[in-house]
Amino acid sequence: MTPRIATTAAELRGDAPHGTDGASSPAAGPGAAPRTRAVVMTMGALHEGHAALIRAARRTAGPEGQVVVTVFVNPLQFGAGEDLDRYPRTLEADLAVAGKEGADVLFAPSVDEVYPGGDPQVRLAAGPMGEVLEGASRPGHFDGMLTVVAKLLHLTAPDVAFFGQKDAQQLALVRRMVRDLNFPVTVVGVPTVREEDGLALSSRNVYLSAADRGTALALSRALAAGERAVAHGPDAVLAAARAELDAAAGLRTDYVALVEPEGFTPVSGQRWRGEAVLALAAHVGGTRLIDNVPLRFGTGSGPAPAAADAGGAR
């Protein structure tokens, strides 16, 4: 099916399954259960990773619910010298992907629609968790991300919102924002989708030359090396991952970190027990890539289970 396209908040409200104010209300008919609206937020250039999010949203919403996919390249989360202008914009192709996977509505607002007064003077602050790893490498990125996610949650008024675990720090921050600010939404994380060769799917992969793509495989090899070292403790995990990246010619490592999954504080010491995230970022040619894998230390050490919902708030 072809999703309906909405470009304004007014059009989106008119498409709401809950009534014109976006607030949940029972479906037509006495005793009928409320219909579920699920949202998948993207910056477009949809690939199989996004498709997995849309499919998960469709399963949760069910045949009577509604799936909204947002396509908005958010200028607030791009820093100076980053790729805002060259970021791929493929709306027609995105519409086809969204429709194939079961989306009902594609919300593709303009910058003026999302930020009608220009750059917003009032923005959300990501706090300490937003100042490490990606936040340290890209100052202000997470403030811009949370600001637009908050706006899109207000505009789309979903019951459930789906985010990829590939952006683990983003997912953790969205969950924290939803909990701290009492957003009435459940946040669901969906496992990372990879190519057959192990490369995590990303809209930025289109920037990679054939040679760069081969180099980029060092990221997934580093994560696999870290997984294999879990039984030997956190220090061994970090050393194994770093060694794999250091051995890759043409790759410039930004960070390799082992952090706990909720606050993204560093995991250290060989006696650490519990879940952690091995996260890394590197530059391949002119493209910056990130990847991560959840791990568990202690009893049953190894990759952490890929839970579809690991602590969303409602």
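How much space lies in the largest cavity? About 50 Å³. Before we look inside, keep in mind that this is a predicted model. The structure holds 1 cavity of 30 Å³ or more, so let's treat that as our way in, by the definition of a cavity as a set of points where a 1.4 Å probe fits but cannot get out.

Who sits around that space? The largest cavity is lined by Lys166, Leu199, Ala200, Ser202, Asn205, Leu219, Leu289, Ile290 and Asp291. Strand E9, which covers residues 287-297, gives the largest share of this lining, with 3 residues. Sorted by class, the lining has 5 nonpolar residues, along with 2 polar and 2 charged ones.

Now step back and take in the whole chain. The protein chain has 9 helices and 10 strands. It runs to 314 residues, and 54% of them count as buried.

In an unreviewed entry, UniProt places the feature "binding site" at Gln77 and Gln170. These are spread over 94 residues of sequence, yet they cluster in space, with a largest C-alpha distance of 11.5 Å.

Take Gln77 to begin with. You'll find Gln77 in the loop between strand E3 (66-71) and helix H3 (91-100). Is Gln77 buried or exposed? Its relative accessible area is 9%, so Gln77 is buried, as the cut-off for that is under 20%. Leaving out residues up to four places away in sequence, Gln77 touches Met43, Glu82, Arg138, His141, Gly144, Met145 and Val148. There is also a partner within that sequence range: the side chain of Gln77 makes a polar contact with the side chain of Asn74, at 2.8 Å.

Gln170 has another kind of setting, in helix H7 (residues 168-180). Gln170 counts as buried because its relative accessibility is 17%. Setting aside neighbours within four places in sequence, Gln170 is in contact with Phe142, Met145 and Phe163. Look for Met145 when you trace these contacts: Met145 touches Gln77 and is in contact with Gln170 as well.

His50 is part of helix H2, which spans residues 48-61. With a relative accessible area of 11%, His50 is buried. Not counting residues up to four places away in sequence, His50 touches Thr42, Gly44, Ala45 and Ser203.

Our last stop is Glu11, in helix H1 (residues 9-14). Apart from neighbours within four places in sequence, Glu11 is in contact with Ile5 and Ala6. A polar atom of the Glu11 side chain also lies 2.6 Å from the backbone nitrogen of Thr7. And where does Phe107 come in? Glu11 and Phe107 are 96 residues apart in sequence, but from C-alpha to C-alpha they are 9.0 Å apart in space.

Notes:
Residues numbered from 1 in each chain as written. Predicted model: local features only at pLDDT ≥ 70, side-chain atom pairs only at ≥ 80, totals over all residues. Heavy atoms only, no water. 1 Å grid on protein atoms, 1.4 Å probe; cavity = no way out; pocket = protein on both sides within 12 Å on 5 of 7 lines; lining within 4 Å. Points joined across faces, edges and corners; volume = space filled by probe spheres on them. Helix = DSSP H or I, 4+ residues; strand = E, 2+ residues; numbered from the N terminus. Nonpolar A, V, L, I, M, F, W, Y, C, P; charged D, E, K, R; others polar. UniProt positions renumbered as here; feature names shortened; annotations may be inferred. Buried < 20%, exposed > 50% of the residue type's maximum accessible area, 1.4 Å probe, protein only. Contact = heavy atoms within 4.5 Å. Polar contact = N/O pair within 3.5 Å; in protein donor to acceptor, adjacent residues only side chain to side chain.
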